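Reader: Hey, can you walk me through this one? Keep it quick, please.

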Amino acid sequence: MLEIRDLKVSIDDKAILKGIDLTIRPGEVHAIMGPNGSGKSTLAQVMAGKEDYQVTDGSIRFLGQDLTELDPEDRAREGLFLAFQYPVEIPGVSNTYFLKAALNAIRKHRGLPEIDAVDFLSLVRQKMKLVKMDEALLHRPVNEGFSGGEKKRNEIFHMAVLEPRLAVLDETDSGLDIDALKIVADGVNALRSPDRSFLVITHYQRLLNFIVPDFVHVLLNGRIVRSGGKELALELEEKGYSWLEEEVAASATA
Amino acid sequence: MTTTATLEEGASAATAYAEDFEHFTAEHRGEPAFLSSLRHAAFDRFVALGFPTTDQEDWRFTNVAPIARGRFHRAAGLPKVSAEAVRQHFHPDSHRLVFLDGVFAPEFSELSALPSGVRVQSFGEVLRTEPGRLEGVFARHARFEEHPFVALSTAFASDGAVVEMARGALLEKPLQLLYLGTASETVRVSYPRNLVRAGEASQLTLIETYASLAERASWSAPVTEIWTGSGAVVDHYKLQKESTAAFHTATLQFYQERSSNLFSHSISVGGALVRNDVNAVLDGEGAECTLNGLYVLRGSQFLDNHMRVDHSKPHCSSFELFKGILDEKARAVFNGRIFVAKGAQKTDAKQSSRNLLLSRQALVNANPQLEIFADDVKCTHGSTVGQLDEEAIFYLRSRGIGEDAARSLLIYAFAADIVERLKPEALRHEVEEFLFHRLPKGEVVRQAV
């Protein structure tokens, strides 16, 4: 599904990612954990195609294609989805209508007919239940005046409607109370399937109690310094990131 | 090379109209004395003022030299046009007066179903049959002393609409005043003159449409005077979509009595050089006016919206929201003057000018002017000039929406704020369709809104 090889990324000539290797197969859930400033969000943004970042080396292949060659919209149409850490407020653009335009752009790309208004409405109703979203939010402009929790739920709602092959969740848990966190996790779990993969980026282990990952990777200073199973998250929770930082420092000087 | 006319050039350009005024006076020989003396006074004033120059504060950014240099001719009679082309501009389910190059065209007009208490005639007909009705009404509120184009209009006014609403009268369907420039080989000038008197507690919706049947140069210089009696409610709309070779200088003059309510929306998308003077005088307690506008310009189009609201009495409110979308080398001016007279306490005046620049060459000058002589008032103004939000574009693209469509969606959303306030469905539909056609990937926007 996704193959990242020796990925190096800079912004304004400052190296952020210093050689990332990551392979995600269909149906797998991977978690990337790391302290602030380790490069987690940069990885998410680069995958989605944010132009501010320069890929200086390495490759990202998604379903056999070189992702860096594609515009952000084509990545989405190929089945990549990024749930934003900070969803953008777009005054004047209705949440539902925008989503319908997005869904139809994706369907068109896949050679499917445009969805009609009735089918779209029933799809939207069904997916809304998944994230227990208030119907009023459908008719409001995208994210405008939404609370932090509503914005995050709206991201999962978009994901549920667009049905991506690979979803990247960028700190979707941050700022959520436990109830909202469970709703988001339930939404994600309901979408888990053998041909859909997830990359869950988080600062805290807590989310991973609800979305149980197959693999956990620790990102430190632009590199994945440790990979393991879900028990690695628990170990991090217990010991913090410092033991890994010390280990990395020790091996660098050794 | 200078493109700005000097004061002398402005004055000499004005005298070139003297010959035409002589013809006009001869054509209108039978007019009552009050009218002909008004016309002469106005024409003399026009000659004295001359064409404005950029040395004058009110015309600092607006160079009318291309108009001053031009040679324009009034239409002598009704031009020949394709009925089909004219009908394309009709709003269904409306009362209608149609003018071709400024001349009333009865065969396209529709006034058969006016309710009682509502009188609508062409200005020309009133001039011919009952000119006395115009005494003390025509040019009463639109003062020509300080404005050369209002002076010119007053001198040459020969057609337009005269609307009288009796006390309590209600016009449910909109009245469309459709002014069409034709494909005339001669470069036309027209001076549409609209007089509206909305009697006490009456209510009407008026739509002025200015359009061209061909991409020709022309000059339209309309003046619309609207008087709202106590408690009257007037919805006024002006859609200016003339050829991009057209000049358009318009004055809207509103005079409001106690507790009357006026909503005026001005949509401007056409013209090479457009100047709108919008003046509202709130002269009765509790009067309220809303003056909104949207302009969508590109190429080398130029638009100047010059607003003035006079709060003369206490407890009046005025709300102004103007939004502009400028691409390529388009330029716009927003000048918003709010004048609060001594004693006009509890005035509530809000003014906002927001502009979206889509290119580096596009330019906006926004200039709020508040003159407040009362001490218990609430006056706010704000002005923004910005670009599309790149974060929002990326967000939309990351969901699968193409770059052009994402940009267009955001531009549309910016305009929608005004478009949604256009109450007559046919007009709103017309403006929406314009945007869908103008914006790249407009079909995606059409589907998404």
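Author: Let's start with a term. A salt bridge is a side-chain nitrogen of Lys or Arg within 4 Å of a carboxyl oxygen of Asp or Glu. A:Glu155 forms one with B:Arg399, with the closest N and O atoms 2.8 Å apart. A:Glu155 lies in helix α6 of chain A and B:Arg399 in the loop between α8 (390-397) and α9 of chain B, so the pair joins two chains.

Reader: What should I know about the model itself?

Author: This is a predicted model: local features need pLDDT of at least 70, side-chain atom pairs count only at pLDDT 80 or more, and totals for chains, interfaces and linings use all residues. Residues are numbered from 1 along each chain as its sequence is written, chains are lettered from A and ligands numbered from 1 in the order in which they are written, and side-chain values use heavy atoms, with hydrogens and water left out.

Reader: How many salt bridges are there between chain A and chain B?

Author: Five. One of the salt bridges pairs the side chains of A:Lys50 and B:Glu391, at 3.1 Å from N to O. Over all chains, the count is 46.

Reader: What area do the two chains bury?

Author: About 2200 Å², 63% of it on carbon and sulfur atoms. Buried area is the accessible area (1.4 Å probe) that two parts lose on being put together, summed over both.

Reader: New topic. What is the strand order in the chain A sheet?

Author: Six strands make an open sheet, β6-β7-β8-β3-β9-β10 (chain A), with mixed pairing. Two strands pair if DSSP finds at least two bridges between them. β6 and β10 of chain A are at the edges with a single partner strand each, so one side of each has no neighbour in the sheet.

Reader: Which way do β3 and β8 of chain A run, parallel or antiparallel?

Author: Parallel, over five bridges, with β3 at residues 29-33 and β8 at residues 197-202 of chain A. In β8(A), A:Ile201 is the bridge partner of A:Ile32.

Reader: And how do β9 and β10 of chain A run?

Author: Antiparallel, joined by five bridges: β9 covers residues 215-220 and β10 residues 223-228 of chain A. A:Leu220 stands opposite A:Arg223 in β10(A). This hairpin has two residues between the strands, and A:Asn221 takes a positive phi near 50°.

Reader: How many strands are in the chain B sheet?

Author: It's an open sheet of 10 strands, in the order β2-β1-β5-β8-β11-β13-β15-β17-β19-β21 (chain B), with mixed pairing. The edge strands are β2 (103-104) and β21 (378-386) of chain B. Inside this order, β11 (residues 233-241) and β13 (residues 261-268) of chain B pair in the parallel sense over eight bridges.

Key: Helices (H or I, at least four residues) and strands (E, at least two) are DSSP runs, numbered from the N terminus.
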